[in-house]
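Reader: I would like a close look at one part of this model, and then at how that part sits within the whole chain. Please take it step by step.

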Amino acid sequence: METAFDDLVRLLKAPQPGLRERSSAFLFQMLGSLATGLAIGLGIALGHAIAG
């Protein structure tokens, strides 16, 4: 139990990420989602083109 409190104190004292780090992480997440959507869309389009 004591180690849990030590970990909690360590996390609370850790420096918080700045706006730049948070915005770049958000941007990378959005770009990854966009790339995934494009890949799925291309796969469906190719499947329709081959089938029809």
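Author: Start with Leu31, which lies in helix 2, the helix made of residues 19–51. The structure is a predicted model, and every value below is computed from it. Is Leu31 buried, exposed or partly exposed? With a relative accessible area of 45%, Leu31 is partly exposed, because exposed requires over 50% and buried requires under 20%.

From Leu31, go along the chain to Ala51. These two residues are 20 apart in sequence, and their C-alpha atoms are 30 Å apart in space.

Lys13 belongs to helix 1, and with a relative accessible area of 70% Lys13 is exposed. Between Lys13 and Ile50 there are 37 residues of separation along the chain, and the distance from C-alpha to C-alpha is 57 Å.

Helix 1 covers residues 2–13.

Side chains of opposite charge can pair when their charged atoms come close. In this model Arg10 forms a salt bridge with Asp7, and the closest N and O atoms are 3.8 Å apart. The cut-off for such a contact is 4 Å, so this pair falls within the limit. Arg10 and Asp7 are three residues apart in helix 1, which means that about one helical turn separates them. An α-helix has 3.6 residues a turn, so residues three or four places apart point the same way. Of the two partners, Arg10 is exposed at 52% relative accessible area, while Asp7 is partly exposed at 39%. The structure holds one salt bridge in total.

Now the whole chain. Its secondary structure consists of two helices and zero strands. The radius of gyration is 21 Å, well over the 10 Å that the globule rule gives for 52 residues, so the chain is more spread out than a compact globule. Along the principal axes, the C-alpha atoms fill a box of roughly 65 × 30 × 5 Å.

How much of the chain is buried? Buried residues make up 0% of the 52 residues. The accessible surface comes to about 4,900 Å², and 71% of that surface belongs to carbon and sulfur atoms. As for charge, the chain has 4 positive and 4 negative charges, and the mean positions of the two sets are 13 Å apart.

Terms used:
Residues are numbered from 1 along each chain as its sequence is written. This is a predicted model: local features need pLDDT of at least 70, side-chain atom pairs count only at pLDDT 80 or more; totals for chains, interfaces and linings use all residues. Side-chain values use heavy atoms; hydrogens and water are left out. Helices (H or I, at least four residues) and strands (E, at least two) are DSSP runs, numbered from the N terminus. The radius of gyration is taken over C-alpha atoms; the globule rule is 2.2 Å times the number of residues to the power 0.38. Buried means under 20% relative accessible area, exposed over 50%, partly exposed in between (1.4 Å probe, protein chains only). Accessible areas come from the Shrake-Rupley method with a 1.4 Å probe; for residues, only the protein chains shown count as cover. Lys and Arg count as positive and Asp and Glu as negative; His and the chain ends are not counted. The place of a charge is taken as NZ of Lys, CZ of Arg, CG of Asp or CD of Glu. A salt bridge is a side-chain nitrogen of Lys or Arg within 4 Å of a carboxyl oxygen of Asp or Glu.
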